[in-house]
Amino acid sequence: MAKKSTRKKPSAKKSSVRKALVKAAKGKAATKKPEAKQKKADAEAFAGTAKRWTPAQIEEAFRRFQAQEPEPKGELKHTNPFTLLVAVVLSAQATDAGVNRATPALFALADTPAKMAALGEDRIRDLIKTIGLFRMKAKNVALLARKLVDEFGGEVPRTREELITLPGAGRKTANVVLNMAFGQPTMAVDTHIFRIGNRTGLAPGKDPLAVELELEKVIPAKYMLHAHHWLILHGRYICIARKPHCERCIIADLCQWPGKTASGVTGFPPSRE
Ligand code: SF4
């Protein structure tokens with residue numbers, strides 16, 4: 001007589017959990033949502049309707065970002081505060097990769113305000129002509145280098161008030177420089193952070209300044225130094241504008257976006273590849 005198996009059959013509930021995990025591991029955990037539905041969800045979120053996060057949810061989100069990447073880095077190539085400032089000015093409406101292709105040759109010739117001022121607008125324009133808006137940017141870089149020499153002793157200033165007086169440098173540029181070059185806990189809101197703040201309900205705001213001030217208010221101080229990079233990287237690689245990768249998102253369960261396509265932590269900490 002055949003021996004009866006003593007192994008218990010998994011309950012229906014357990015087997016559906018297992019199936020969900022297998023799906024998640026294969027990156028197939030996302031439910032499909034038509035693009036039109038996601039666009040509608042974005043329109044609602046940008047109108048400020050997303051449910052706000054609790055302090056505990058915010059703490060949990062940044063705890064996960066930190067666990068995934070304890071020391072996040074910006075992607076613009078630079079060698080000192082001045083070259084960082086120039087790279088950020090050049091990155092307006094351009095990709096970091098595009099800026100990084102042009103700047104090594106520029107910085108090899110001029111990595112200080114004095115050298116850049118001496119190089120002059122025409123040479124700068126030649127060296128950065130692969131970057132969008134290069135004419136205006138060459139003019140600004142030449143002028144800001146001259147201003148640093150004439151009014152700031154050839155040094156990059158360490159306050160936002162001073163930085164925004166430089167040609168081509170606005171509040172976002174100043175915040176990036178203060179954060180990356182001088183270790184100040186500033187929040188530079190670019191298109192990615194603006195989208196995340198509104199879409200997820202973390203920090204809704206009608207313009208970048210409103211989102212910046214809200215993020216400064218809600219993010220615990222211990223996370224502020226790196227928060228800017230974590231959010232930018234999240235927006236650049238996971239919570240992208242069209243068809244975000246919710247199935248690989250480590251804050252999917254916290255996100256309040258009605259258009260999201262997954263609602264759990266799948267394989268934390270996942271890679272951004
Ligand atoms: S679940 Fe994640 S990727 Fe999807 S919308 Fe929310 S934050 Fe963005």
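Predicted model: local features only at pLDDT ≥ 70, side-chain atom pairs only at ≥ 80, totals over all residues.
1. The largest nonpolar core comprises 66 residues, among which Leu 85, Val 89, Val 141, Val 177 and Cys 249 touch the most other members. Helix α4 (residues 81-90) supplies the largest share of this core, with eight residues. At least three core residues come from each of domain 1 (34-71 + 187-248) and domain 2 (81-180). As a general background, nonpolar side chains in soluble globular proteins tend to be buried together.

2. Once neighbours within four places in sequence are left aside, the contacts of Val 89 are Lys 137, Asn 140, Val 141, Leu 144, Gly 168, Ala 169 and Thr 173.

3. Leu 178 is placed in helix α9 (residues 171-180). Leu 178 counts as buried because 21 C-beta neighbours lie inside 10 Å, the threshold being 20 or more. Residues up to four places away in sequence not being counted, Leu 178 touches Arg 160, Gln 184 and Thr 186. Between Leu 178 and Leu 163, which are 15 residues apart along the chain, the C-alpha separation is 9.0 Å.

4. The ligand is surrounded by 13 residues, the closest being Cys 239, Pro 244, Cys 246, Cys 249 and Cys 255. By class, this shell contains nine nonpolar, two polar and two charged residues.

Technical notes: Residues numbered from 1 in each chain as written. Core = buried A, V, L, I, M, F, W, Y, C linked by C-beta atoms within 7 Å. Buried ≥ 20, exposed ≤ 12 C-beta atoms within 10 Å, placed from the backbone. Helix = DSSP H or I, 4+ residues; strand = E, 2+ residues; numbered from the N terminus. Domains from an automatic or database assignment. Contact = placed C-beta atoms within 7 Å. Near = placed C-beta within 6 Å. Nonpolar A, V, L, I, M, F, W, Y, C, P; charged D, E, K, R; others polar.
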